[in-house]
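Have a look at it first, and then we'll go inside.

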Amino acid sequence: MKTALITGASSGIGKAFAQIHAEKKGNLVIIARSKEKLLNLKKNLENTYGINVKVIVKDLTKINAAQEIYNEIKVSNIQVDYLINNAGFGGLGEFHKRPLSQDLAMIQLNITVLTTLTHLFLQDFIENNQGKILNVSSTASLMPGPLQAVYFATKAYVTSFSNALSEELQNTNVTITNLMPGATKTGFAKIAGMEKTALFDKSVSAKKVANDGYKGMLNGKLDIISGLTFSQKILIALIPLTPKKIILKQIKSMQKLKN
């Protein structure tokens, strides 16, 4: 029975990951800020699937959050087999007008926590010569993002970081998969202030994205792109062939709020 640790597990893609893993009779460590949501999820999954679910209530924007999580796992004598770094958030607006504290918190969560958890658990995975890591990036990682400059940049880091580690681990039984969702029906758009943008006109379910990512992780895939419309797939395919200034204008227009 494999144990999966999932950050940002209280809703959206993270919650879908937890449900998928539970359906396979796997134990869970679920992490988020919302104690009530996590406890409700724990109760539901344990009662439905007869598994063990450990809840860790943690604000991942805090400096020592990742180390505290790892320490608690060790004290609890839990062996984590799958690390799913799902937690993250964005925010809409011109960089110079946004509160710097919000963007620094975004960097802390989207980059620093993901990097630290990966480093800590990777030591154990390599020692045991087994384990799988799934980092949730975004199709945003493939281009610059005017009006979400910091978010797009953090996801570019996640994709580059994940791909590089995958090559470093080629001679082990440990794999790292990079999941790049498009617009997905989660609380992300509301939190980021993007509900009324063209980017989220058509979005797919969190379960669809989570299923694609989970299967890709099990198969040790390098990159998984999920949840794109036909027109978005064309846009992604044309990025390397399109002048950057045109791409920048397209992305900016897709993220502008509708009147």
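Start with the largest cavity, which is lined by Thr 7, Leu 60, Asn 85, Ala 87, Leu 109, Val 113, Leu 114 and Leu 117. A cavity here is a set of points on a 1 Å grid over the protein atoms alone where a 1.4 Å probe fits but cannot get out, and lining residues have an atom within 4 Å of a point. This one holds about 40 Å³ of space, a volume being the space filled by probe spheres set on the points, with grid points joined across faces, edges and corners. Its lining divides into six nonpolar, two polar and no charged residues (Ala, Val, Leu, Ile, Met, Phe, Trp, Tyr, Cys and Pro count as nonpolar, Asp, Glu, Lys and Arg as charged, and the others, Gly among them, as polar). Helix α4 gives the largest share, four residues (helices are DSSP runs of H or I, at least four residues, numbered from the N terminus).

A word on the source: this is a predicted model, where local features need pLDDT of at least 70 and side-chain atom pairs count only at pLDDT 80 or more, while totals for chains, interfaces and linings use all residues. Residues are numbered from 1 along each chain as its sequence is written, and side-chain values use heavy atoms, with hydrogens and water left out.

What lines the second largest cavity? Gly 91, Phe 95, Arg 98, Asp 103, Met 106, Gln 148, Ala 149, Val 150 and Tyr 151 do, around a volume of about 30 Å³. Here α5 gives the most, with three residues.

Technical notes:
On a 1 Å grid over the protein atoms alone, a cavity is a set of points where a 1.4 Å probe fits but cannot get out, and a pocket is an open set with protein on both sides within 12 Å along at least five of seven lines; lining residues have an atom within 4 Å of a point. Helices (H or I, at least four residues) and strands (E, at least two) are DSSP runs, numbered from the N terminus.
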